[in-house]
Amino acid sequence: MRPAARGRSRRGVAGAAALLVTAGTLAACGSDGGGASTLTWYINPDAGGQAEIADRCTEAAGGRYTIETALLPRDAASQREQLIRRLAANDNSIDLMSLDPPFIPEFAQAGFLAPVPEDVAEAVTEDVVDSAVEGSTWDDELVAVPFWANTQVLWYRESVAEAAGLDMSEPVTWEQIVQAAEETGTLVGAQGTRAESLTVWFNALIESAGGEIITDPSPEDPAQIELGLTSDAAVRAAEVMQMVAESDAAGAAFSTSNEDSTATGFESENGGFQVNYPFVYPRALGAAEAGTLDPSVPEDYAATIYPRVDEDEPAAPPYGGINLGVSAFSESPELAYEAAECIVSDENQAYYFVTNGNPASSTAVYDDPEVLEAFPMAPVIRESLELAAPRPQTPYYNEISVGIQRSYHPPSAVDPGETGEQASELINAVLAKEDLL
Amino acid sequence: MSTTTLPPTKKTEPKSAPKAAISDRARSERKLGWLLAGPAFLVMLLVTAYPILQATYESLFDFRLTDPENRSFVGLSNYWVILTDSLWWQSIGVTAFITVVTVAVELVLGFALALVMVKALRALRPVLRAAILIPYAVITVVSAFAWQFAFDIQSGFVNSWFAWLPGVSENTDWFGDRWTALLVICLAEIWKTTPFISLLLLAGLAQVPEVLQEAAKVDGATRWQRMWRVTLPNMKAAIMVALLFRTLDAFRVFDSIFIMTNGANGTESVSFLAYRQTIARLEIGLGSAVSVLLFLAVVLIAFSFIKLFRVDLSQARGE
């Protein structure tokens with residue numbers, strides 16, 4: 001009797017627990033029964049700016065929707081992996097996504113993005129820098145909402161440029177800054193680590209030399225994609241890459257340098273030049289304020305347009321940033337697009353620029369006095385965005401980027417005459433599914 | 001009299017005796033065993049056999065996660081692609097290197113720690129065991145980050161603390177070269193899993209009969225002779241089980257590589273290769289084939305240990 005009674009009581013407890021769990025899960029899944037719809041926005045990690053914008057838009061919505069944020073992994077590649085796995089399983093818990101532009105064609109081609117309504121498309125592309133619109137477009141259609149547009153500029157220490165006698169009011173080349181750094185015993189920072197940032201650097205070099213990584217995108221058949229890695233421009237890009245990495249200005253950790261470690265190197269006493277995103281400036285100001293960096297260091301910071309590969313050809317700086325995608329499996333795509341319009345408003349972009357150091361895609365923001373005060377180099381960033389060249393647009397971007405990283409890393413081992421050929425063979429074999437990556 | 005009756009009994013005993021034993025008490029024990037282990041066995045089937053079969057099935061297809069409509073049967077073609085690719089063999093080499101180095105060092109260190117735990121004062125033993133177990137309780141990703149930060153050229157302390165060592169200076173970029181990166185990966189693995197091997201060896205040490213040690217001592221055996229002639233032979237089974245478990249574990253190394261180098265400079269392991277094809281490249285078919293080959297390698301290792309070295313897994317339970 002006793003064991004049986006205990007068994008029943010255990011079953012009862014287990015049943016009650018199961019009911020509670022089920023009820024809780026159902027409540028979490030459902031909407032609020034006529035109340036505000038909850039939109040989930042998957043954001044990339046930042047300094048809290050996107051969460052604040054979500055709160056602002058929730059307030060502005062007047063109860064029509066509430067935006068909740070969910071944090072994605074640190075790097076762009078892992079963000080893509082998580083989102084794709086969820087979307088491939090038709091996960092309807094995602095409404096809005098912060099997407100890195102080079103992965104947008106893959107999401108669009110797979111049917112993971114809800115179509116952008118015409119009126120929204122018109123509103124969100126008005127007075128927006130070209131590179132951001134291009135980065136949100138696939139197959140001649142706008143598939144995402146331009147949010148913030150990042151670009152790399154050439155950061156330099158005014159004292160170092162002056163000591164080297166370099167006229168920074170004129171465009172400079174990679175050769176010039178490496179020579180100046182060697183003369184002054186300082187460093188040239190670039191992202192030489194085997195990661196997406198290496199492809200960003202290589203793409204900027206090849207585009208600056210007048211070439212491109214993909215010459216024929218062939219979206220339907222990846223095996224037919226044609227690469228421009230053996231062109232003269234690609235050889236020239238490889239030459240510059242190797243020249244920088246092999247120089248005394250590269251520093252000991254060049255082959256493992258990412259954006260953060262490049263910024264740290266630039267903050268050190270032998271910092272001279274670096275190509276990097278605008279976040280490095282608020283980062284240095286914050287460190288000075290926190291007392292971990294001498295305040296004279298950020299005062300010495302200045303920015304100009306990305307270095308040229310060839311003296312006579314304008315540079316094509318990297319384009320990055322984040323655009324907003326609305327999931328095709330969202331239960332409220334209309335509300336999600338309404339929320340996206342709020343998120344990318346000029347006020348929110350200005351707020352994000354000033355507080356998080358992430359430049360706006362809207363041109364109007366660059367005239368905002370608050371932005372100009374926080375970022376004296378804002379006009380340079382805007383000009384850089386106009387010159388910027390996006391990375392190759394293809395649904396197979398991951399294969400191409402990882403193939404480039406495998407072939408061009410470490411940058412000091414690049415052989416300008418050979419590496420392009422090897423990279424082309426590898427990437428073509430991978431796209432034809434004949435090789436591992 | 002007795003000589004006429006005994007021989008037939010002797011002949012039949014080996015065959016009939018065990019059968020008779022199985023038919024009564026052992027049979028009911030076996031049944032009870034199945035009843036007790038059955039649910040766990042079913043759960044194991046569900047969580048291990050099902051994914052293995054699913055992966056084996058997927059490995060026969062050309063299947064990209066973002067393009068399910070164009071999925072097609074390709075037979076063993078994925079396996080051909082893998083086995084003819086130099087990257088696969090390079091990854092096998094890296095994995096084997098990490099496995100051999102880490103398991104060998106862990107065995108020696110683990111044995112030393114087990115001896116310390118056995119010989120420690122009774123009052124110190126619980127504290128000592130807890131202290132030795134701490135690294136094993138740390139999540140591998142966290143441990144990998146800790147080791148990466150320690151050896152990082154900018155934020156790490158290793159370069160400044162050990163600059164007096166030959167080959168180490170302020171400018172040593174540990175993750176910029178294949179062998180130094182593998183060294184740090186191996187160190188992190190050794191730090192993390194030596195406690196596991198030492199616990200298994202501690203159980204083996206506890207099983208060595210004290211009476212044998214005393215007899216050897218009486219016979220005048222030195223400490224070293226007692227170790228080689230008495231302790232080690234008596235805990236051979238425990239050592240082999242510890243080696244088997246750690247080798248299987250080490251062969252699947254992933255976390256430390258993912259965090260520290262992300263596969264750069266030729267540090268990709270087989271697990272990392274499976275991750276890159278399946279998760280990053282979204283090629284479910286090709287990635288599944290890599291996973292199946294990894295599984296077969298692990299099965300081969302387990303089979304070799306059990307058959308070649310005659311590891312008796314029941315020794316791990318102290319039977």
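Two strands pair if DSSP finds at least two bridges between them. Helices (H or I, at least four residues) and strands (E, at least two) are DSSP runs, numbered from the N terminus.

With that in hand, chain A. A:Arg157 stands opposite A:Tyr301 in strand 12 of chain A. One caution before I go on. This is a predicted model: local features need pLDDT of at least 70, side-chain atom pairs count only at pLDDT 80 or more, and totals for chains, interfaces and linings use all residues. Residues are numbered from 1 along each chain as its sequence is written, while chains are lettered from A and ligands numbered from 1 in the order in which they are written.

Back to the strands. Strand 7 of chain A, residues 153-157, pairs with strand 12 of chain A in the antiparallel sense, over four bridges. Both belong to an open sheet of four strands, in the order 8-11-7-12, with mixed pairing. Strand 8 (187-189) and strand 12 (301-304) of chain A are the edges, each pairing on one side only. From one strand to the next, the twist averages 20 degrees.

Next, the interface. Contact here puts two C-beta atoms, placed from the backbone, within 7 Å. On that basis, 23 residues of chain A touch 24 residues of chain B. On the chain A side, helix 3 (76-88), helix 11 (259-267) and helix 18 (397-408) each give two or more residues. Helix 3 of chain A has the largest share, four residues.

Now chain B. An unreviewed UniProt entry lists residues 32-53, 87-118, 130-151, 179-206 and 284-309 of chain B as "transmembrane region". Its positions are in the numbering used here, feature names are shortened, and annotations may be inferred rather than shown by experiment. What does the model show there? Residues 87-118 of chain B are 100% helix and 0% strand, with end C-alpha atoms 45 Å apart. Residues 179-206 of chain B are also 100% helix and 0% strand, and there the ends are 38 Å apart.

Last, one helix pair. Helix 4 (residues 125-137) and helix 7 (residues 178-206) of chain B have axes that come within 7 Å and cross at roughly 125 degrees. Axes are lines fitted to C-alpha atoms, for helices over the stretch in contact, and angles run from 0 to 180 degrees between N-to-C directions. The two helices are therefore oblique to each other: under 35 degrees is roughly parallel, over 145 roughly antiparallel, 65 to 115 roughly perpendicular, and the rest oblique. Which residues of helix 4 of chain B meet helix 7 of chain B? They are B:Ile132, B:Leu133, B:Pro135 and B:Tyr136. Their partners in helix 7 of chain B include B:Trp191 and B:Phe196.
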